[in-house]
Amino acid sequence: MTDTAPPGQAAGTPPWVPTQLELLAEADQRLVRTVDGLPAEDVGQPSLLPGWTRAHVVAHLALNGEALEAVLSAAARGESRPMYDSPETRDRDIEELSSAPAEELRERLLASTHCFSRAASAMPAEHWRRRFERTPGGPTFSVATVPLMRLREVEIHHADLAAGYSAADWPEAFDAVLIESMTRRPYPQPFRVLARDLARTWDFGDGQPVATVTGDAAALGWWLTGRGDGADLTVDADRLPEVPSW
């Protein structure tokens, strides 16, 4: 059997990759506009993430983009490299870059989006199946998961900036991708979510769901990342199920 692909998509490229990269390109544009529009004095103000300013969030997004670009570039050469040398190095680099001038942060973020996009576009189709580590000696992941990893980073942390963009601004296509991706995580108890605006349900955890959580897809996605109090959601049980932070 021959490996066929839609026009414009290289044979062997996982079918979800082009869609996620298209969503990411649009998400990058929105993120860069938000960061460019922040007055320099506002970059150091608190974000929605405890202990992190907006500068920390932008620094993280820039460094994450650089790390994932390096993963893609290595895979394209038939090699493998981890995202980060260690968790401590990752945290130290974020802290250091967060203290840079606002203009430097903006430039570093923009450069990271361009470099990632070029690396993804240049990936040989057969190399999407290669694997990489987040840190040396840790679990391995398929390179084909990198577009989703970056898409979630950009959209979720864009909302974390608390700079006029929120989960309510996420495109419906991203809402569905986010909720679907969250089904792969472990949960203490199984439950179901119903996205009213998408007329879709997803099951989480193993076994028969003990509760159904209902709401708009963006509110469900925000809650599933461990953010917010779920005030916009309803549940047919005593309380909302427990979900881990993302």
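Let me begin with two helices, α3, which covers residues 54-76, and α6, which covers residues 146-160, and these pack at an angle of about 170° with their axes 11 Å apart. Please keep in mind throughout that this is a predicted model. Two packed helices are described by the angle between their axes and the distance between the axes, and that is why I gave you both values at the start. An angle over 145 degrees counts as roughly antiparallel, and therefore α3 and α6 are roughly antiparallel to each other.

Which residues meet in this contact of α3 with α6? On the side of α3 we find Val57, His60, Leu61, Asn64, Gly65, Leu68, Val71 and Leu72, and they meet Val146, Met149, Arg150, Glu153, Val154 and His157 in α6.

Staying in helix α3, we can look at alanine 70, which counts as buried because its relative accessibility is 14%, and the cut-off for buried is under 20%. Between alanine 70 and arginine 239 there are 43 Å from C-alpha to C-alpha, and the two are 169 residues apart in sequence.

Alanine 102, in turn, is found in helix α5, and with a relative accessibility of 14% this alanine 102 is buried as well. Leaving out residues up to four places away in sequence, alanine 102 touches Ala40 and Val43. The C-alpha atom of alanine 102 is separated by 28 Å from that of leucine 148, and these two residues lie 46 residues apart along the chain.

Is histidine 127 buried or exposed? Histidine 127 sits in the loop between α5 (102-121) and β1 (131-133), and, at a relative accessible area of 17%, histidine 127 is buried.

Finally, let us turn to the strands, where β3 (residues 191-195) and β5 (residues 212-215) run parallel and are joined by four bridges. Within this pairing, arginine 192 stands opposite threonine 212 in β5. Strand β5 also pairs with β6 (residues 234-235), in the antiparallel sense and over two bridges, and here valine 213 stands opposite valine 235 in β6.

Note on methods. Residues are numbered from 1 along each chain as its sequence is written. This is a predicted model: local features need pLDDT of at least 70, side-chain atom pairs count only at pLDDT 80 or more; totals for chains, interfaces and linings use all residues. Side-chain values use heavy atoms; hydrogens and water are left out. Buried means under 20% relative accessible area, exposed over 50%, partly exposed in between (1.4 Å probe, protein chains only). Axes are lines fitted to C-alpha atoms, for helices over the stretch in contact, and angles run from 0 to 180 degrees between N-to-C directions. Angles under 35 degrees count as roughly parallel, over 145 as roughly antiparallel, 65 to 115 as roughly perpendicular and the rest as oblique. Contact means heavy atoms within 4.5 Å. Two strands pair if DSSP finds at least two bridges between them.
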